[in-house]
Amino acid sequence: MGKTTRKLEVASPVPADIDIANSVEPLHISEIAQELGLGAKHYDLYGKYKAKVLLSALDELGEAQDGYYVVVGGITPTPLGEGKSTTTVGLCQALGAFLDKKVVTCLRQPSQGPTFGIKGGAAGGGYSQVIPMDEFNLHLTGDIHAITAANNLLAAAIDTRVFHESSQSDKALFNRLCPPNKEGKRKFSDVMFRRLRKLGIDKTNPEDLTPEEVSKFARLDIDPASITWRRVMDVNDRFLRKITIGQGPEEKGMVRETGFDISVASEIMAVLALTTSLTDMRERLGKMVVGNSKAGDPVTADDLGVGGALTVLMKDAINPTLMQTLEGTPVLVHAGPFANIAHGNSSIVADKIALKLVGPGGFVVTEAGFGSDIGTEKFMNIKCRYSGLKPQCAIIVATVRALKMHGGGPEVVAGRALDSAYVNENISLVEAGCVNLARHISNTKAYGVNVVVAVNMFSTDTEAELNAVRNASLAAGAFDAIICSHHAHGGKGAVDLGVAVQKACENVSQPLQFLYPLDIGIKDKIEAIAKSYGANGVEYSEQAEKQIEMYSKQGFSNLPICMAKTQYSFSHDAKAKGAPGGFILPIRDVRASIGAGFIYPLVGTMSTMPGLPTRPCFYEIDLDTKTGRVIGLS
């Protein structure tokens with residue numbers, strides 16, 4: 001065991017997550033950093049238990065060799081979740097605290113929406129958690145707040161520009177954008193040169209622009225109906241999904257219908273997750289497209305002059321946050337993009353820093369959102385394309401409960417007691433549901449990685465049921481399949497998984513195989529992904545056809561695809577369990593996150609602002625005013 005790892009005292013039955021988290025005194029984060037090889041100059045402290053790891057650490061580690069890279073996905077889940085985060089943390093506790101490996105867990109930062117809504121937090125569970133779990137699940141180091149501020153600054157800039165252009169001539173606009181100084185001379189601000197280059201104007205003196213160039217430069221002529229940028233906040237609030245703005249008397253009737261998304265749905269979050277450096281982030285933020293001009297040209301954040309300001313708001317958010325597990329192994333928490341309209345993975349920079357820190361023979365384990373058909377697919381085809389990194393092993397988390405559902409079991413509903421089929425032995429139901437697991441295994445193996453199935457064991461699972469899952473996994477081509485009890489026993493319950501993952505990483509020789517090349521058309525890429533779902537074809541709405549044509553004309557057809565699809569089925573129909581096939585995948589609309597760098601087709605309706613249920617999680621959350629401890633977080 002390393003100097004910072006600690007032995008857990010486990011209780012049975014397993015106490016509440018927050019009680020377990022509060023029972024362990026975290027180490028000072030400087031101890032975790034030191035054990036990882038980070039000097040004091042490489043991080044900024046945020047209290048006693050969190051630190052921001054600076055990008056300068058990556059620069060200094062530039063020539064160091066990488067460790068092994070492992071991604072954790074899952075089978076198609078029930079609404080209760082199958083424990084991917086818990087498995088990710090438990091595996092890392094096993095590798096670090098029991099197998100004496102250098103390891104870093106890389107996780108997404110959770111939104112406060114689910115924390116106070118239905119799902120609860122995302123720090124893992126039981127004896128496999130990130131601590132302090134209340135800090136992890138709440139404000140952390142303020143990254144989501146920075147994203148919220150940057151997103152809403154851009155939203156304000158858009159509507160303000162439309163407002164001012166509506167009442168001013170080209171000359172008046174230009175005079176205000178480039179006002180003369182006391183000597184009567186005008187100059188362009190640095191960000192303006194980006195728009196000038198885009199327009200093909202190579203002049204550096206505002207006085208040299210022709211009247212036509214003044215008009216092209218000063219007037220963005222945004223079509224209000226084309227604006228895709230919405231305001232955000234990090235709270236579930238269904239009443240903000242559709243709102244009307246511009247109703248004040250000073251706005252002169254500039255009324256427009258828009259709405260709010262939850263902060264983690266902002267493109268800025270996806271930019272943070274996919275950026276590779278501060279310079280790269282500045283370029284991506286500036287390239288974000290917010291709508292079109294009335295002539296059909298894309299309008300970007302840099303056209304509005306706000307790209308630099310957005311980068312300033314995000315300059316600290318680009319640094320990953322260092323935390324720890326219950327057993328004292330290091331965790332990097334960074335970015336938390338949606339897993340449907342975005343790619344659902346933590347940041348590239350966190351993974352790159354971690355891979356250098358663990359070095360050869362060490363392990364970096366990261367989690368991909370939703371099932372492997374969504375999260376692992378996007379990890380491979382989007383994240384790994386931009387990072388240039390290749391995983392050696394992909395884990396698929398499975399549960400007997402979910403496999404029974406896929407085998408034809410009764411509906412599983414969050415907040416409702418499980419049907420008896422899920423708590424009594426039923427091997428035939430499990431075996432029938434393994435068609436879902438088998439498809440995830442074959443799809444994931446196609447990327448050139450070894451696949452290890454982690455069966456997250458529940459107390460009601462029987463040995464025969466667990467053996468059925470293991471046998472089906474091996475028959476489908478998994479490198480290994482391991483029964484895990486990390487929720488109940490911490491790292492000790494995932495030691496066998498750690499051994500299997502090490503062997504899987506040591507026995508990979510294939511290069512990474514992407515599902516599609518980038519130089520084919522948007523439709524061809526969509527259809528390649530649809531085929532992996534089991535679809536026989538794709539049907540495009542009139543709106544989707546129009547958007548594909550527009551993005552192709554605008555030069556964006558070479559971007560990867562980020563499918564926005566239900567996580568509860570391989571198909572577009574959430575009720576189609578198991579491994580459906582022969583269906584036609586309907587594409588309702590196609591949108592783009594140009595700064596982040598992907599096109600996202602919408603399969604059905606995607607909510608980007610969740611609502612609260614009748615009894616949200618916040619009923620249980622409170623503060624012990626005597627100790628200052630948070631209670632009731634899950």
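User: Which residues are linked with R194 in a network of salt bridges?
Analyst: In this predicted model, R282, E283 and D302 join R194 in a network of salt bridges. The structure as a whole holds 30 salt bridges.

User: What makes the contact between K50 and E135 a salt bridge?
Analyst: The criterion is a side-chain nitrogen of Lys or Arg within 4 Å of a carboxyl oxygen of Asp or Glu. The closest N and O atoms of K50 and E135 are 2.4 Å apart. That value lies within the 4 Å limit, and therefore the pair is counted as a salt bridge.

User: How do you know that this pair ties together parts that are apart in sequence?
Analyst: K50 belongs to the loop between β1 (43-45) and β2 (51-53), whereas E135 belongs to helix α6 (residues 133-137). The parts they tie together are therefore 85 residues apart in sequence.

User: What makes D221 and K294 a salt bridge, and where in the chain do the two residues lie?
Analyst: Their side chains meet at 3.8 Å, N to O, which is within the 4 Å limit and so qualifies. D221 lies in the loop between α10 (211-218) and β7 (231-233), and K294 in the loop between β11 and β12 (298-300), so the pair ties together parts that are 73 residues apart in sequence.

User: Why is K294 called exposed, and why is D221 called partly exposed?
Analyst: The cut-off for exposed is over 50%. K294 has a relative accessible area of 57% and is therefore exposed. D221 has a relative accessible area of 30% and is therefore partly exposed.

User: How do you know that the peptide bond from I131 to P132 is cis?
Analyst: Omega for this bond is near -5 degrees, and the bond is cis. P132 sits in the loop between β6 (128-131) and α6. A cis peptide bond also joins S12 and P13, with omega about 0 degrees. P13 is found in the segment before α1 (17-23). Most peptide bonds are trans.

User: Why is helix α15 (residues 375-387) described as largely enclosed by the rest of the structure?
Analyst: Of its 13 residues, 12 are buried, so the helix is largely enclosed by the rest of the structure. Among the buried residues are E377, K378, K383 and R385, along with F379, M380 and I382. After α15 comes G388, with a positive phi near 75 degrees.

User: Why is V72 called buried?
Analyst: V72 has a relative accessible area of 0%, which is under the 20% cut-off, so V72 is buried. The residue is part of strand β3 (residues 68-74). The C-alpha atoms of V72 and E367 are separated by 4.6 Å, although the two residues are 295 residues apart along the chain.

User: Which residues form a nonpolar patch on the surface, and what makes L418 partly exposed?
Analyst: L80, L418 and V423 form the patch, with about 210 Å² of accessible area together. L418 has 34% relative accessibility and therefore counts as partly exposed. Patch members need over 30% relative accessible area, and the 34% of L418 is therefore above that limit. L418 is placed in the loop between α16 (400-406) and α17 (427-445).

User: What lines the second largest pocket?
Analyst: The lining has 49 residues, with I227, T228, R230, R591 and Y600 nearest the centre. The largest share, seven residues, comes from α22. The lining divides into 22 nonpolar, 14 polar and 13 charged residues. About 1400 Å³ of space lies in this pocket.

Technical notes. Residues are numbered from 1 along each chain as its sequence is written. This is a predicted model: local features need pLDDT of at least 70, side-chain atom pairs count only at pLDDT 80 or more; totals for chains, interfaces and linings use all residues. Side-chain values use heavy atoms; hydrogens and water are left out. On a 1 Å grid over the protein atoms alone, a cavity is a set of points where a 1.4 Å probe fits but cannot get out, and a pocket is an open set with protein on both sides within 12 Å along at least five of seven lines; lining residues have an atom within 4 Å of a point. Grid points are joined across faces, edges and corners, and a volume is the space filled by probe spheres set on the points. Helices (H or I, at least four residues) and strands (E, at least two) are DSSP runs, numbered from the N terminus. Ala, Val, Leu, Ile, Met, Phe, Trp, Tyr, Cys and Pro count as nonpolar, Asp, Glu, Lys and Arg as charged, and the others, Gly among them, as polar. Buried means under 20% relative accessible area, exposed over 50%, partly exposed in between (1.4 Å probe, protein chains only). Patches are made of residues with over 30% relative accessible area and no salt bridge: like charges are joined within 9 Å, nonpolar side chains (Val, Leu, Ile, Met, Phe, Trp, Tyr) within 5 Å. Accessible areas come from the Shrake-Rupley method with a 1.4 Å probe; for residues, only the protein chains shown count as cover.
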